[in-house]
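Subject: Structure handover

Hi,

Here is the structure you asked about. My notes follow below it.

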Amino acid sequence: PDDKPLSKNALKKLEKEKEKQRRKAEAEAARKSTEADNADAEDYSKDCYGVMKLIQSTEKTDRKWSKIRDLNEKMADKSVLVRARLHNSRGKGKQCFLVLRQQSFSIQGVVATNDTISKAMVKFASNINKESVVDIEGVVKTVANKIEACSQQDVELHVNKLFVASLAAPRLPLQIDDASRSIDASAQADGSLAHVNQDTRLDNRIIDLRTPTNQALFKLEAALCKLFRDHLTSKGFVEIHTPKIISAASEGGANVFEVSYFKGKAYLAQSPQLYKQMAIAGDFDRVFTVGGVFRAEDSNTHRHLCEFVGLDLEMAFYEHYHEVLEVIGGLFVSIFKGLRDNFAEEIAVVNKQFPAEPFQFIEPTLRLEFPEAVAMLRENGVDMGDEDDLSTPNEKFLGKLVKAKYGTDYYILDKYPLAVRPFYTMPDPSNPKQSNSYDMFMRGEEILSGAQRIHDSEFLTERAKLHGVDLEKIKAYIDSFKFGCFPHAGGGIGMERVLMLYLGLDNIRKTSMFPRDPKRLTP
């Protein structure tokens with residue numbers, strides 16, 4: 001029975017079994033301790049790699065950091081300190097190959113076992129998550145064969161120390177290599193290469209922005225703005241800053257965002273035009289502004305955004321608004337030349353992923369009058385009236401006809417029908433059906449709309465009444481011209497659209513860092 005006491009022999013047997021288990025446990029503990037000691041002895045690199053503590057600005061040293069773009073054959077055998085992203089890693093036996101990336105520049109790193117690099121360090125390097133930020137100390141070495149996969153093709157970095165400064169999550173929502181692939185390669189019939197669609201890119205824009213194409217693209221956008229500013233400043237223009245919260249719709253239409261304003265309501269500016277004109281009335285002579293423009297248009301097209309960066313200018317003239325046209329024409333030529341001559345490398349990077357015909361322009365800028373454009377379209381089978389506005393397909397078709405005839409992707413279309421322009425546009429004194437207004441086009445798409453403005457308050461009131469505009473809502477605008485104003489003209493340019501068309505891209509969302517359209521309000 002169970003409650004019967006154990007015999008002496010059974011007790012002895014039980015004691016022996018306990019002793020055996022105790023000795024076995026001691027032996028196992030000793031073995032593990034020895035293994036740990038041996039591992040420590042073998043891992044002679046344990047102080048040369050690992051995950052760093054969070055950088056919280058606890059110290060500031062005099063260590064010198066290098067840029068990957070500066071690493072070349074002249075730096076051979078020099079020790080450098082680099083912080084970069086781990087683009088990828090590939091363990092191979094006793095060594096690991098890394099691709100380290102800073103913006104558009106990359107270099108191969110090599111972690112190989114030797115007297116100072118342990119197997120454990122090589123294994124650690126092989127297992128770091130892609131896109132992690134790493135700090136590397138190493139020696140620049142020349143290579144016998146060019147490293148085609150990196151921007152720095154003649155050298156590599158032999159790693160001595162490797163620390164993770166910021167660890168990326170193990171699963172990325174998209175791969176940089178997939179997002180960087182050319183559209184020609186992505187379109188392969190067998191579908192073997194992954195393609196990242198636009199929504200996935202924009203949903204994960206932080207990672208998408210890291211591609212070489214986007215790094216180049218937004219440098220070009222910065223350059224475009226600088227060229228705009230520099231050229232106009234050199235021509236005597238003053239940069240101004242205009243309000244974006246206004247009391248009435250800028251363009252008088254319905255495509256406006258309404259916002260609450262304390263106990264009342266206000267609107268987001270559809271254009272800085274009123275304030276540019278006020279600056280001219282305030283004797284600033286020539287002004288420009290760079291800032292956000294808001295349009296509540298439910299347009300889900302390749303070229304429309306609900307918020308974009310407006311490059312706007314306005315200037316007084318003496319006799320004829322063509323004085324202004326000449327300045328704007330010269331402005332665009334200056335921008336196109338500046339991009340072409342100083343940013344060929346960035347343009348080539350974008351074209352590698354998104355191939356396009358090089359942008360063509362002529363000097364002086366081609367200027368056609370609206371009736372000439374109508375005649376060209378009619379000659380090629382388009383049925384349109386003398387006072388009809390150009391439809392989007394007709395604008396595109398006209399762009400092709402102009403390119404074929406004049407060899408330019410950029411031109412000015414002058415003398416639009418008065419009937420299709422806003423109330424503040426100055427009529428043509430020699431033809432009551434025409435106006436002193438113009439649009440400018442790139443690759444068959446409008447990039448600027450402008451005109452000579454009416455600078456006489458009585459005439460402006462008369463034109464507003466003809467258009468059925470509520471005079472009370474534009475009182476401040478009309479009052480701006482009651483105390484004398486210089487004749488003036490100007491225009492508004494969409495920055496993202498200009499860059500899109502210059503590079504021959506298919507969608508404006510590619511040139512907006514965080515685009516806003518009717519369906520996208522994040523990130």
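Of the 523 residues in the chain, 45% are buried (under 20% relative accessible area; exposed is over 50%, partly exposed in between; 1.4 Å probe, protein chains only). The model is predicted: local features need pLDDT of at least 70, side-chain atom pairs count only at pLDDT 80 or more, and totals for chains, interfaces and linings use all residues. Residues are numbered from 1 along each chain as its sequence is written, and side-chain values use heavy atoms, with hydrogens and water left out.

Overall shape

The chain has a radius of gyration of 34 Å, while a compact globule of 523 residues would come near 24 Å (taken over C-alpha atoms; the globule rule is 2.2 Å times the number of residues to the power 0.38). The C-alpha trace spans about 125 × 65 × 55 Å along its principal axes. There are 15 helices and 19 strands (DSSP runs numbered from the N terminus: helices are H or I, at least four residues; strands are E, at least two). Take the contacts with a separation of 6 or more: 69% join residues 24 or more positions apart (contact means heavy atoms within 4.5 Å).

Cysteines

The whole structure has 0 disulfides (a disulfide is a pair of cysteine sulfur atoms within 2.5 Å). Cys-306 is in no disulfide either; its nearest cysteine sulfur, in Cys-225, is 20 Å away. Both residues are buried: Cys-48 has a relative accessible area of 17%, and Cys-306 has 8%.

Second largest pocket

Its volume is about 870 Å³ (the space filled by probe spheres set on grid points, joined across faces, edges and corners). A pocket here is an open set of points on a 1 Å grid over the protein atoms alone, where a 1.4 Å probe fits, with protein on both sides within 12 Å along at least five of seven lines; lining residues have an atom within 4 Å of a point. The lining has 28 residues, and Ser-104, Ser-106, Ser-151, Pro-212 and Lys-352 lie nearest the centre. Helix 10 gives the most to this lining, with 5 residues.

His-455

His-455 sits in the loop between strand 18 (445-452) and helix 13 (457-466). This histidine is partly exposed, at 21% relative accessible area. Pro-487 is 32 residues away along the chain, yet the C-alpha atoms of His-455 and Pro-487 are separated by 6.1 Å. Beyond four places in sequence, His-455 touches residues including Met-426, Phe-481 and Cys-485.

Best wishes
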